[in-house]
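Work through the exercises below with the sequence and the model open. Try each task before reading its solution.

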Amino acid sequence: MALLKGKGAMTGVNLIAKIYKNGVTKDGKSQYADIQVDARDPRGPEQTNLHLKSDQVQGEDGKVRNNNGAPYSIGQMEEIVKAAGPNTEPILNKDGNEVGTIYGFKGNVMPATRGTGLVVNTKSVEASEFKVDDKTLGNQFASMRAAREARAAAKESQAQAPAPEAKQEQAAEVGEPAVG
């Protein structure tokens, strides 16, 4: 899940929404959307997980998967679609059939009142600073992978550096004159 900390970190965030056609609830009142911080937003590059919501769930087959979808009312979805305007890109399955749409927009986010993660305040949405295209999702994954690799490299270099106390002890041992 994206971590947005500090004053103003949750306002005016460039976002993308992955909305699948089959994500409408049975009663037709809600639509599930996977909303992510756009990797090109200044808050995006260091994020190892750009999703506003990310829960691990166990499927009927026993496999653990990530659930990144959060329910939004049809009215809220209409606000997101309106804010994105023409800034959309179709989501295609491996056969080339359209199964959903990516929307690029900007908005304020807040902690979810029910469940986990962050949600978009749809009263604050507007056009994104970035254009979505057929490379947007690939760039999202590449950004998260790069952030994870950078974090792992930082941990690795931290583990290899001697602790500050060890450095001081070595300096003290070397600096003492031999008494004899």
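## Exercise 1: A hairpin and its strands

The hairpin of β7 and β8 has 6 residues between the strands, and in this hairpin Gly-115 takes a positive phi near 85°. The model is predicted: local features need pLDDT of at least 70, side-chain atom pairs count only at pLDDT 80 or more, and totals for chains, interfaces and linings use all residues. Residues are numbered from 1 along each chain as its sequence is written, and side-chain values use heavy atoms, with hydrogens and water left out.

**Task.** State how many bridges join β7 to β8, and find the partner of Lys-106.

**Solution.** 
1. Helices (H or I, at least four residues) and strands (E, at least two) are DSSP runs, numbered from the N terminus. Two strands pair if DSSP finds at least two bridges between them.
2. Count the bridges. β7 and β8 run antiparallel and are joined by 6 bridges.
3. Find the partner. Lys-106 is bridged to Glu-126 in β8.

## Exercise 2: The place of β1

**Task.** Which strands pair with β1, and how many of the residues of β1 are buried?

**Solution.** 
1. Take β7. It pairs with β1 in the antiparallel sense over 8 bridges. Lys-18 has Ile-102 in β7 as its bridge partner.
2. Take β2. Its pairing with β1 is antiparallel too, over 4 bridges. Here Ala-17 stands opposite Ile-35 in β2.
3. Check burial. Buried means under 20% relative accessible area, exposed over 50%, partly exposed in between (1.4 Å probe, protein chains only). In β1, 7 of the 8 residues are buried, so the strand is largely enclosed by the rest of the structure.
4. Of its 180 residues, 37% count as buried. The chain has 3 helices and 8 strands.

## Exercise 3: The nonpolar cores

**Task.** Which residues of the largest nonpolar core touch the most other members?

**Solution.** 
1. Define the core. It is a set of buried Ala, Val, Leu, Ile, Met, Phe, Trp, Tyr and Cys residues joined through side-chain atoms within 4.5 Å.
2. The largest core has 28 residues, and Leu-15, Ile-35, Phe-105 and Val-120 touch the most other members.
3. Two or more residues each come from β1 (13–20), β2 (30–37), β5 (70–73), α1 (74–84), β7 (98–111) and β8 (118–127).
4. Follow Val-120. Contact means heavy atoms within 4.5 Å. Leaving aside neighbours within four places in sequence, Val-120 is in contact with residues including Leu-15, Ile-35, Leu-52, Tyr-72 and Phe-105.

## Exercise 4: Helix α2 and Val-37

**Task.** Compare the span of α2 with its expected value. Then locate Val-37 and list its contacts.

**Solution.** 
1. Take the span. The expected value is 1.5 Å times one less than the number of residues. Helix α2 (residues 136–160) has 25 residues and reaches 36 Å from its first C-alpha to its last, close to the 36 Å expected.
2. List the buried residues of α2. They are Thr-136, Leu-137, Gln-140, Ser-143, Met-144 and Ala-147. They pack against β1, β2 and β7.
3. Locate Val-37. It is in strand β2 and is buried, with a relative accessible area of 0%.
4. List contacts. Not counting residues up to four places away in sequence, Val-37 touches Ala-2, Leu-4, Val-13, Asn-14, Leu-15, Gly-44, Leu-50, Leu-52 and Gln-140.

## Exercise 5: Asn-87

**Task.** Is Asn-87 buried or exposed?

**Solution.** 
1. Asn-87 lies in the loop between α1 and β6 (88–92).
2. Apply the cut-off. At 8% relative accessibility, Asn-87 counts as buried.
3. Check the surroundings. Not counting residues up to four places away in sequence, Asn-87 touches Ile-102, Tyr-103, Gly-104, Ser-128, Phe-130, Lys-131 and Val-132.
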